[in-house]
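Subject: Handing over the structure

Hello,

I am passing a structure on to you, and I hope you enjoy looking through it. Please have it open beside this email while you read.

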Amino acid sequence: MTSLPWLHPTAVRPRISTRRTDREGARRVLNVAIAALGLVLTLPLMIVIAILIKLTSRGPILFMQTRVGVDRRALTGAGGNTRRHVDAGGELFTMYKFRTMSVQTGQAHEVWARPDDPRVTSIGRVLRKLRLDELPQLWNVLRGDMNVVGPRPEQPNIFNYLSAQIEGYARRQRVRPGITGWAQINQAYDSSVDDVRRKVAYDLEYIHNQSALEDLRIMLRTVPVMLGRRGGW
């Protein structure tokens, strides 16, 4: 029987790849545009925040931490000798935040923050409630480390632990991590593995439905979450 060319696997893959590339490109353009606009509009606010942090506690204005980013193999379909950062699960990058905690002496362990955490400063508590501590990550978006919308990036050691505990956790790395996301607007900060397990379900749902329109919808829904101080502490 004669095979139909459009049903042949090798004929279908290029079209799927092209659609995926176009969709990712549209999302990236939207996220970069919003990040650039956000930096311009929030610059005066960020200057005020920086001054308040400096006046109210000792230490740097920004908090920088290594996080696990996108697994480029998922974007390119590459494998074999191109496999890098196998242990990390994705590209490692430096994420920027406004510092909300007092400077710790000695070697700090990678742990989740918790409600009424004594390490959080007075101004830091306000920033975390309103999620304004995340504003410097707009620069991460312009650098290509993140998108405005996507799963939250995790610290390497915690990432490895959660990957072993939660099925499908590493699939979150198929897209760039984000400042906000479907999981973030539906649930508060993580404080346990069960919290993360619920968020992973939201993240995978987002990845399945991702589009520029979906990203825009999540961005718009993030504003009332910030103003209503829902999920932040």
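Below is what was found in it, going from the overall layout to the details.

A word on the source: this is a predicted model, in which local features need pLDDT of at least 70 and side-chain atom pairs count only at pLDDT 80 or more, while totals for chains, interfaces and linings use all residues. Residues are numbered from 1 along each chain as its sequence is written, and side-chain values use heavy atoms, with hydrogens and water left out.

**Overall layout**

The protein chain has 8 helices and 4 strands; here helices (H or I, at least four residues) and strands (E, at least two) are DSSP runs, numbered from the N terminus. Read from the N terminus, their order is α-β-α-β-α-α-β-α-β-α-α-α. Of the 233 residues, 43% count as buried. Buried means under 20% relative accessible area, exposed means over 50%, and partly exposed is in between, with a 1.4 Å probe and protein chains only. The accessible surface of the chain is about 13200 Å², and 60% of that belongs to carbon and sulfur atoms. These areas come from the Shrake-Rupley method with a 1.4 Å probe, and for residues only the protein chains shown count as cover. Among contacts (heavy atoms within 4.5 Å) between residues at least 6 apart in sequence, 78% join residues at least 24 apart.

**The nonpolar cores**

A nonpolar core is a set of buried Ala, Val, Leu, Ile, Met, Phe, Trp, Tyr and Cys residues joined through side-chain atoms within 4.5 Å. The largest one has 26 residues, and I49, F98, L127 and L135 have the most contacts inside it. Elements that each supply at least two residues of this core include α1, β2 (92–98), α3 (122–130) and α8 (212–227). Helix α1 gives the largest share, 5 residues. If you click on L135, you will find it in contact with T42, L45, M46, I49 and F98, leaving aside neighbours within four places in sequence. There is also a second, separate core of 9 residues, with V68, I166, Y169 and V193 among them.

F98 turns up again beside L62, a residue of strand β1: L62 touches K97, F98, R99 and P136, not counting residues up to four places away in sequence. L62 itself is partly exposed, with a relative accessible area of 35%.

**Salt bridges**

The whole structure holds 11 salt bridges, each being a side-chain nitrogen of Lys or Arg within 4 Å of a carboxyl oxygen of Asp or Glu. One to look up is R176 with E24, whose closest N and O atoms are 3.2 Å apart. R176 lies in the loop between α5 and β4 (178–180) and E24 in helix α1, so the pair ties together parts that are 152 residues apart in sequence. R176 is buried at 12% relative accessibility, and E24 is buried at 17%. Both belong to a network of salt bridges that links E24, R27, R176 and D215.

Two others each sit within a helix. D195 and R198 meet at 2.6 Å, N to O, and both lie in α7, 3 residues apart, about one turn of the helix. D195 is buried at 12%, whereas R198 is partly exposed at 44%. In α8, E214 and R217 are likewise 3 residues apart, with their closest N and O atoms 2.8 Å apart. E214 is buried at 15% and R217 is partly exposed at 36%.

Finally, L43, I47, I51 and L55 make a nonpolar surface patch of about 410 Å². Patches are made of residues with over 30% relative accessible area and no salt bridge, where like charges are joined within 9 Å and nonpolar side chains (Val, Leu, Ile, Met, Phe, Trp, Tyr) within 5 Å. I47 lies in α1 (residues 9–56) and is partly exposed, with a relative accessible area of 47%.

Best wishes
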